[in-house]
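Welcome! Please take a moment to look over the sequence and the 3D view before you start.

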Amino acid sequence: MLRSRVARPTVVLVALLALATACTGEEGPTVETAEVVSGEVVQTVAAVAALEPAARVTVTTPVGGEVARLLVEDGQQVAAGDALAELSSESVELQIAQAESAVRSADALAGAAGAAGFDLSPLLGAFRAQLEATLPPVLDALTEQARVIEDDDLRAAAIDRVVEARAAYAEARDGLLASERDAASQAQQATAAQRAAAAAQRDQAALALEAAEGRGEDLVIVAPIAGVIELGRADAGGADLGLGGLAGQLGGAAGGPGAIDGLLGGGAADGTSSGPVAEGVTLGPGQTVATIYDLSAFTARVDVDEIDIVEVERDQAVTVLVDAFPAAEVRGTVANVAVAPVTGPGGGASFPVTVRLTQVPPEVELRVGLTASAEIEVRRRDADTTVPTAALLRRGGQEVVFVLEDGVVREVPVTVAALGDESAAVEGDLSPGDRVVTTGIDAVEDGQRLEG
């Protein structure tokens with residue numbers, strides 16, 4: 001709602017109770033007038049507000065588990081990084097143990113990978129060496145025997161057979177040598193592949209262990225920001241509502257209290273509690289451990305109606321009136337104007353505006369959620385001509401005032417530069433000292449004479 005204040009001077013209403021007689025002799029309207037004056041007019045947008053802390057963070061459990069140690073209590077001041085609670089979880093501990101076992105197995109496989117490839121080259125080398133050691137002397141002896149044969153044809157045939165035998169020996173030796181080299185190469189390739197596979201398996205096991213250890217670290221809940229602690233409820237936030245929880249909500253709907261809970265096996269069988277977070281309570285993943293409030297500074301959330309939001313901008317001055325301290329004024333500035341609106345219970349749209357509080361009187365003790373009202377200064381005018389807002393009348397799409405001069409009413413179109421509850425800064429054919437009609441304005445017309 002648009003509002004305004006007049007900073008100086010105060011507009012004084014002067015009553016001119018005139019019973020005017022028209023040309024017909026009928027009794028004229030009763031009017032009051034006020035003087036046109038110079039002054040400063042401050043136009044504001046007024047709306048309800050609520051106090052908010054500088055920051056509010058809800059701390060939830062990354063993993064489920066039982067609260068082994070609760071290291072804070074309600075109202076305690078904590079620093080960022082302080083441990084709030086320690087959880088224990090058999091499933092997480094089992095995951096870590098399994099991951100460690102997988103790493104050990106991968107290490108053993110990697111160590112054995114060098115001997116896993118079967119190498120035939122030593123066997124082939126031994127066979128070749130035996131062949132080289134035995135066949136050349138035999139061939140040499142056969143050559144000598146062939147040479148002493150007296151028959152030329154027989155001697156030539158024997159020598160040819162020895163030559164053929166030497167060629168076959170050389171071919172066999174070279175084949176064994178090539179096979180030996182191939183076997184060694186294949187064994188090396190097989191060993192390298194097995195080692196690579198073992199290394200990849202170990203890397204995967206190490207990553208799994210790192211992830212499991214990370215979940216183990218999640219069992220220690222730490223404060224993300226500094227502030228004041230408010231512990232959550234053990235049944236609040238995050239965890240899915242199972243049949244047991246449903247039974248707790250519907251218990252007594254049929255068959256007396258706890259009837260449905262009994263049919264479903266009881267709502268507390270899993271060890272959870274509906275009380276505050278405490279040691280021994282089991283929390284599911286995503287449940288609220290605590291809420292941390294940063295009370296080092298405060299803001300005010302102001303819900304401005306969609307009609308007035310076009311007037312609101314960043315850095316505008318704001319006066320906040322806290323209901324609990326009616327005599328005090330808190331000063332602030334607009335820090336942010338929401339881009340999108342929110343819809344209220346009645347269906348109307350409003351835009352949340354964040355006001356940074358900059359000046360808080362010492363007697364005002366701010367608390368989260370205190371109800372307040374805010375006046376956002378959207379326009380300030382130091383005008384030569386200001387009139388009471390009651391003097392303004394809209395006719396034919398134009399704002400007008402009625403000036404009373406020598407008993408005659410004159411209609412004057414004006415442009416409103418700043419509008420408020422008590423006064424408005426206007427521009428038009430007006431001068432300080434003119435008198436404008438403020439009461440009975442609907443009953444007067446341009447050129448009408450008022451006598452009294």
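Below are some exercises, each with a worked solution.

This is a predicted model, in which local features need pLDDT of at least 70, side-chain atom pairs count only at pLDDT 80 or more, and totals for chains, interfaces and linings use all residues. Residues are numbered from 1 along each chain as its sequence is written, and side-chain values use heavy atoms, with hydrogens and water left out.

**Exercise 1. The chain as a whole**

Task: Find how many helices and strands there are in the chain, and what percentage of its residues count as buried.

Solution: 
- Step 1. Helices (H or I, at least four residues) and strands (E, at least two) are DSSP runs, numbered from the N terminus. The chain has five helices and 21 strands.
- Step 2. Buried means under 20% relative accessible area, exposed over 50%, and partly exposed in between (1.4 Å probe, protein chains only). By that rule, 33% of the 452 residues are buried.
- Step 3. A contact means heavy atoms within 4.5 Å. Among the contacts with a separation of 6 or more, 76% are between residues 24 or more positions apart.

**Exercise 2. An open sheet**

Task: Work out in what order the strands β8, β7, β5 and β10 lie in their open sheet, and which of them stand at the edges.

Solution: 
- Step 1. Two strands pair if DSSP finds at least two bridges between them. The order is β8-β7-β5-β10, with antiparallel pairing.
- Step 2. β8 (220-222) and β10 (282-283) are at the edges; each has a single partner strand, so one side of each is left without a neighbour in the sheet.
- Step 3. Now go through the pairs. β7 (residues 83-88) is joined to β8 by three bridges, and Ala 85 has Ile 221 as its bridge partner in β8.
- Step 4. Four bridges connect β5 to β7, where Val 67 is partnered with Leu 87.
- Step 5. Two bridges connect β5 (residues 65-70) to β10, where Gly 65 is partnered with Leu 283.

**Exercise 3. A residue in β7**

Task: Decide whether Leu 84 is buried or exposed, and find which residues it contacts beyond its neighbours within four places in sequence.

Solution: 
- Step 1. Leu 84 sits in strand β7. Its relative accessible area is 0%, so Leu 84 is buried.
- Step 2. Leaving aside neighbours within four places in sequence, the contacts of Leu 84 include Val 59, Leu 70, Ile 221, Ile 229 and Ile 292.

**Exercise 4. The cores**

Task: Find how many residues the largest nonpolar core has.

Solution: 
- Step 1. A nonpolar core is a set of buried Ala, Val, Leu, Ile, Met, Phe, Trp, Tyr and Cys residues joined through side-chain atoms within 4.5 Å. The largest has 26 residues, and Val 302, Val 312 and Leu 357 are among those with the most contacts inside it.
- Step 2. The elements giving two or more residues to this core include β4 (37-60), β11 and β16 (371-388).
- Step 3. A second, separate core has 18 residues, including Ile 229 and Val 289.
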